[in-house]
Amino acid sequence: MCPLAELHVHIEGTLSHSLIRELARRNDLPIPPAARRDGPSSFGCLDDFLRDYYANLDVLRERRDFTDLANAYLKRASQAGVVHAEIFFDPQSHTRRGVPLSTVILGLSDALEEAPDRFGMTASLIMCFLRDRGPQEACAIYDEALAFRDRFIGVGLDSSEEGFPPSWFAGVFARAKADGLHRVAHAGEESGPEYVWEALDILDVERIDHGIRSLEDLELVARLKAEGMPLTVCPLSNVALRNSPADIAQHPLPVMLGEGLMVTVNSDDPEYFGGYIDDNFAALTRAGVIDGAQCRQLARNSIRASFMPEARKAALLSGEDIRVSR
Ligand SMILES: [Zn+2]
């Protein structure tokens, strides 16, 4: 397998049942109801999933809990061939539980700093705003996070999509751009192409997270293709949340590739949706959705679409150097 970059993974969505139980014991907390169930969960929609997701986060309390969470992901990602990850985190889902922002950011950073030595890969953080908490709260958390400006490379927009348009967040994204931060946003997952347009035109994003419903708008497809705008697609997540047909063989990814879009494959919330990035590739290949050449194309796209330095991208793409540079 070619070296991979993972560009769409929520660190909170990598919280496994075994780690939930371990942290609950360590922090003397009850095990959340969703984590008491065995076997894979099923969700009717994004909001069903988010209910379990937020309940499970209660076990994350101390700085070392966030370090353990990130280390578990980095270990698993490195085993999947990931040489670089740009990891989302949701500070508001922790600060609203009374966990200080410093605990979250410093705990995650502790793991990321060690990733080259421990796991032979690099990783960066992208701070996401919970869109359903509105723009005022996003501005407030952004202000607070500026004290840790060197710990994250960009901002994103996630959580419940429908009814919470990207345009609400124009102000905080403009500030992030002025501050030299990268910008990405979830759009076109549950909502239609209009949210993708808003993310492009109003938030000035550099990647669209998901974006599968862009296919409903031919003018938008032409725009995305012309700009080489990366789309971080998460096939197993789309199936689990019923944003694409239940049979992964019907996933629109090959249509997106056929349209010439800059598509990448990612895991989203792997502990909830059936697997990590290699599991997504395996499911697509097994179902005959993509062939070997398309796998290699998707891997190259992931390197190109990342925010790594151009020199490292070139080295990875040429196959000359897949070693980690600090
Ligand atoms: Zn996501």
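Strand S8 is covered on both faces. Met262 and Thr264 are buried on one side, Val263 and Val265 on the other. Buried means that 20 or more other C-beta atoms lie within 10 Å of the residue's own; 12 or fewer makes a residue exposed, anything in between partly exposed, and the C-beta atoms are placed from the backbone. In a regular strand the side chains alternate between the two faces of the sheet.

This is a predicted model, in which local features need pLDDT of at least 70, side-chain atom pairs count only at pLDDT 80 or more, and totals for chains, interfaces and linings use all residues. Residues are numbered from 1 along each chain as its sequence is written.

S8 belongs to an open sheet of 8 strands. The order is S1-S2-S3-S4-S5-S6-S7-S8, with parallel pairing. Strand S1 (4-10) and strand S8 (262-265) stand at the edges with a single partner strand each, so one side of each has no neighbour in the sheet. Neighbouring strands are turned by 25° against each other on average, direction ignored. Two strands pair if DSSP finds at least two bridges between them. Helices (H or I, at least four residues) and strands (E, at least two) are DSSP runs, numbered from the N terminus.

Two pairings show the detail. S7 and S8 pair in the parallel sense over 4 bridges. Pro230 stands opposite Met262 in S8. Strand S2 (residues 82-89) and strand S3 (residues 122-130) also run parallel, joined by 6 bridges. Glu86 has Ser124 in S3 as its bridge partner. Helix H14 (residues 277-286) packs on the sheet, touching S1, S2 and S8. The direction of H14 makes about 110° with that of S8.

Next, the end of S7. Cys234 lies in the loop between strand S7 (230-233) and helix H11 (235-240). Is Cys234 buried or exposed? Cys234 is buried, because 27 other C-beta atoms lie within 10 Å. Leaving aside neighbours within four places in sequence, Cys234 is in contact with His8, His210, Asn266, Ser267 and Asp268. Contact means C-beta atoms, placed from the backbone, within 7 Å. Asp209 is 25 residues from Cys234 in sequence, and the two are 8.7 Å apart in space, C-alpha to C-alpha.

Now the helices. Helix H4 (residues 63-79) and helix H6 (residues 101-119) pack at an angle of about 35°, with axes 7 Å apart. Axes are lines fitted to C-alpha atoms, for helices over the stretch in contact; angles run from 0 to 180 degrees between N-to-C directions. The residues that make this contact include Phe66, Ala70 and Leu74 of H4, and Leu108, Ala111 and Phe119 of H6. The contact divides into 10 nonpolar, 5 polar and 5 charged residues. Here Ala, Val, Leu, Ile, Met, Phe, Trp, Tyr, Cys and Pro count as nonpolar, Asp, Glu, Lys and Arg as charged, and the others, Gly among them, as polar.

Two loop residues deserve a look. Most residues other than glycine have a negative phi. Asp28, between helix H1 (17-26) and helix H2 (33-36), has a positive phi near 55°. Asp28 counts as exposed, with 7 C-beta neighbours inside 10 Å. Arg242 has a positive phi of about 60° and lies in the loop between H11 and helix H12 (253-258). Arg242 counts as partly exposed, with 15 C-beta neighbours inside 10 Å.

Finally, the whole protein. There are 16 helices and 8 strands. Buried residues make up 47% of the 326 residues.

Notes
Two residues are in contact if their C-beta atoms, placed from the backbone, lie within 7 Å.
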